[in-house]
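Subject: Structure handover

Hello,

Here is the structure I said I would pass on. My notes on it follow below.

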Amino acid sequence: MCFQTVTTSARAQENSDHTRPHKKAAGNHRKHASQLTGKDETISVNGYRKAAGGGMMVKHTIARTISSLSHDYIEMQSPTSTIESLISTLPGVVSASEGPLTTSFSTLHIRGMAQAEIGVTFEGMPAANPFTYSTYTPSLVDSQNMGQVNVMQGAVNINSPTYNATGAEISASIRGPADKRNVHIAGSGGSYGTNKDFIRYDTGEIGHTGIRSFVSGSYSRGDMWRGAGDIERWHVDAALTKKWAPHSESKAIFGWTKAAQGEWLYPSLANWKKYGMKYGLDDQYSASNTHYVGLNGKNTGSVYGTLKNHFSFDHGLSLDAQAYSVRFHGPYYYGATIPVKKGFVGTDSYKTLDNYQNLPGYDPTNKNLMSTEVSNWYTLSSGLILTGHWKRSFNTLSLTYWYSYAQEAAQMRFYPVNGKGQWNGNGTPLTANGGIPLSEDNENGLQQLNSFAVDDKMSFLHDHLTIDGGIRMAMANRQYTQDLPGVTGANYKSIRNVFVPSPQVLINYSFNQHHQIYINGTTGYHLPGSLSSQLASYSRSTGKAQSLPLADYKPEYMITEEIGYRYNGFLMANLAGFHYNVTNHQISAQSYVEGSTSTISQLINAGGMEAYGVQAEIATRPWHHVSAYASGQYMHTRNGNNIAYSGDYLRTKGKQEVGAPRFSGSLGLTYNDGTWFGNFTLSYIGSQYATLMNDQRIPGYITANLGVGRTLPKIGHVLPKIKLNLVNLGDASYLSSMYGYTAAATTQKGVFGTTIKGSSPTYVIGSPFVAMGTISADF
């Protein structure tokens with residue numbers, strides 16, 4: 001019982017005591033557990049001494065390939081870590097931190113699937129933008145409050161509240177309230193002026209009510225390590241749990257974030273070769289310099305809340321009921337140049353800007369006026385998830401209903417910039433044609449979704465053999481309007497209705513407690529994302545469409561087969577082979593708008609795509625306090641079609657998928673004796689293509705991270721701890737992944753002989769060497 005979590009209730013409470021025990025505490029665990037048996041139905045034992053790979057691998061028995069990180073590993077990492085940076089060591093994951101601190105969404109790939117094709121849930125609620133699928137994980141939870149992070153490669157949980165997850169899902173949980181009252185404070189500081197202050201208060205059980213709660217707050221700040229600008233983040237987490245009966249419980253979880261940072265600039269390959277790691281915003285303003293720091297930034301925020309309930313009844317009946325609401329908002333702002341004369345608002349032309357001769361920054365020798373483009377936006381997603389279970393003999397039947405309502409709005413305005421680079425967002429925006437505000441985006445989106453799932457699990461041979469089959473059926477209605485001058489009819493409003501069935505079958509056989517084999521066939525779908533899938537956007541310089549909606553609006557669909565083997569003993573291992581086939585594969589080609597630091601996306605239906613590969617994970621349990629971890633993946637991808645492009649077809653058939661390295665892998669080594677602790681990781685990501693034509697790619701790279709620390713002697717009732725984290729030990733200069741793909745980087749000849757002009761992809765620059773020191777204490 002000193003080595004694993006033991007529970008007699010339906011749900012074990014993970015990490016209920018978040019403080020580290022001293023060596024002598026381990027010897028008292030058995031006595032403590034026996035005392036609890038008569039008083040409480042839940043026994044939670046801290047298991048860091050036997051955590052596989054130092055918490056880099058967690059035991060699973062589900063008939064899917066899934067990798068997890070426990071709190072034991074998470075708490076050894078940098079306190080500014082995001083979910084994307086934490087999971088970068090897991091097989092099939094391509095993710096790299098952009099720096100010691102960021103508040104924006106990150107780029108991510110899992111088994112060749114792009115970030116928009118990966119479902120993200122937090123405590124059972126959808127955690128991505130409901131329309132663009134961008135993930136704002138820095139807004140979800142502080143790393144100190146993360147309980148466990150799971151990556152399901154190649155499949156999606158049949159009850160998952162996602163409609164963009166083609167073939168992978170990331171789920172994260174919060175570290176629940178402690179059983180006893182505790183105050184935890186921590187202060188961190190390090191490279192590039194980065195610091196983080198954190199405090200968490202656990203109430204313990206309040207009286208004899210069965211209610212436990214916690215609330216935490218943090219403030220983070222740092223300089224943008226490349227270019228000018230800074231980053232600030234304020235965040236609150238809170239949770240309250242109430243146990244109604246041994247197998248029934250309710251949880252209320254709340255989070256709030258306010259953040260501000262300068263804009264990361266993403267270089268082309270030419271800019272990377274010229275500027276390297278220094279590519280970023282400028283701290284000095286000059287005429288027509290859209291890269292000036294005062295013109296570019298993100299002021300973002302979020303607020304979410306969820307109420308989760310699990311009720312257990314007689315005759316094997318139980319019910320899970322969850323209500324949630326998640327809101328993300330801007331604005332973003334960018335540097336942009338505006339034609340003084342002969343420009344466009346929507347598709348309507350204007351002769352001159354209103355009162356252009358008196359505008360700040362106007363120069364009669366320059367045909368363009370410098371401005372700040374402000375995109376004010378928000379998204380709101382709310383829903384209800386109901387899952388009923390009926391367990392009878394060898395059979396468990398589950399029924400799930402999920403209703404989701406989502407809306408979003410975005411409005412763009414342009415504000416003139418004076419000769420010193422200053423602008424007034426509360427002033428009068430630029431107008432033309434007698435007072436019409438200049439805009440390229442004035443959109444509204446609305447979506448309603450009803451999803452039903454039926455799942456039946458049968459157990460045979462004394463639970464050695466399980467067969468699980470089910471189907472999820474989703475009905476979605478999505479509509480967009482683009483309210484711009486001259487934009488009418490089908491270009492003004494688009495309504496789409498989609499029905500998608502998604503079946504699955506899972507088969508698992510356990511020879512004994514150590515050996516397990518599994519096989520599955522699963523499906524997943526991805527609804528086309530963002531306004532660009534249904535309506536065009538229009539250039540302020542030409543009045544013509546900058547991007548066009550999908551000509552054939554169909555959801556992306558993926559069929560996956562897996563066969564795997566697990567071993568659980570002193571070693572923990574998982575080996576899986578996989579194959580998948582995707583139809584209507586959607587890729588978002590993203591590029592900078594000419595004369596601006598804002599981007600425009602063009603959704604491309606790339607047709608079919610196929611992949612096969614093998615992945616492996618292995619971890620040891622501690623031996624003399626040392627545990628090891630290794631993971632790796634080989635994957636081969638192949639595009640199945642020549643794609644329609646610019647009135648012709650590009651010869652993309654047989655090309656490798658963008659952002660899908662053939663080889664990737666990680667190594668980890670952890671030491672933890674209860675006083676001293678440390679973790680070292682080494683990761684390799686192979687080369688990645690950035691275009692559908694495979695005519696530009698980035699080379700492979702290796703990164704290494706180290707975290708070391710010590711629990712200090714107790715001072716009265718205070719238990720202090722120190723920690724040092726080093727990121728990118730070799731200070732490697734590298735491009736970690738693609739920010740914006742393109743169809744081709746160089747000029748191509750189409751299938752019918754058309755000359756198709758190439759465009760350069762843009763890339764994400766990986767984090768430099770970073771050192772972060774932390775001192776914390778529990779009271």
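Two strands count as paired if DSSP finds at least two bridges between them. Strand β2 and strand β3 (residues 109-110) are joined by two bridges and run antiparallel. Within that pair, V94 stands opposite H109 in β3. Please keep in mind throughout that this is a predicted model.

A second open sheet has five strands in the order β1-β7-β8-β5-β6, and its pairing is mixed. Its edge strands, each pairing on one side only, are β1 (66-70) and β6 (125-126). Strand β1 runs antiparallel to strand β7 (residues 146-153), with five bridges joining them. There, I66 stands opposite M152 in β7.

Strands around β19

Strand β19 (residues 368-392) is joined to strand β15 (residues 317-329) by 13 bridges, and the two run antiparallel. A323 has L384 in β19 as its bridge partner. Strand β16 (residues 332-339) also pairs with β19 in the antiparallel sense, over eight bridges, and here Y333 stands opposite V374. Between β19 and strand β20 (residues 395-416) there are 22 bridges, again antiparallel; S375 stands opposite M412 in β20. β19 and β20 form a hairpin with two residues between them, and S393 in the turn has a positive phi of about 60 degrees.

Nonpolar cores

In general, nonpolar side chains tend to be buried together in soluble globular proteins. The largest nonpolar core in this model has 64 residues, and those with the most contacts inside it are I87, F122, V149, I170 and Y580. Leaving aside residues up to four places away in sequence, F122 touches A127, L140, V141, A172, S173, I174 and Y304. Apart from that core lies another, of 34 residues, among them A114, M224, A589 and M693.

Which strand holds A259? A259 is in strand β13 (residues 248-262). A259 has 4% relative accessibility; the cut-off for buried is under 20%, so A259 counts as buried. Not counting residues up to four places away in sequence, A259 touches T103, E232, R233, K298, N299 and T300.

Cavities

How many cavities of 30 Å³ or more does the structure hold? The count is 13.

β41 gives the largest share, six residues. Some of these lining strands also pair with one another. β38 and β41 run antiparallel and are joined by 10 bridges, with I702 in β41 as the bridge partner of Y684. β41 and β42 are antiparallel too, over six bridges, and N725 in β42 is the bridge partner of G707.

Second largest pocket

The second largest pocket holds about 1,100 Å³ of space. Its lining has 43 residues, and the closest to its centre are Q546, S547, Q602, Y645 and S646. Two or more lining residues come from each of β28 (545-547), β31 (586-592), β32 (599-605), β35 (643-645) and β45 (755-756). The largest share, six residues, is from β32. The lining of the second largest pocket comprises 18 nonpolar, 19 polar and six charged residues.

Regards

How values were computed: Residues numbered from 1 in each chain as written. Predicted model: local features only at pLDDT ≥ 70, side-chain atom pairs only at ≥ 80, totals over all residues. Heavy atoms only, no water. Core = buried A, V, L, I, M, F, W, Y, C linked by side-chain atoms within 4.5 Å. Buried < 20%, exposed > 50% of the residue type's maximum accessible area, 1.4 Å probe, protein only. Contact = heavy atoms within 4.5 Å. 1 Å grid on protein atoms, 1.4 Å probe; cavity = no way out; pocket = protein on both sides within 12 Å on 5 of 7 lines; lining within 4 Å. Points joined across faces, edges and corners; volume = space filled by probe spheres on them. Helix = DSSP H or I, 4+ residues; strand = E, 2+ residues; numbered from the N terminus. Nonpolar A, V, L, I, M, F, W, Y, C, P; charged D, E, K, R; others polar.
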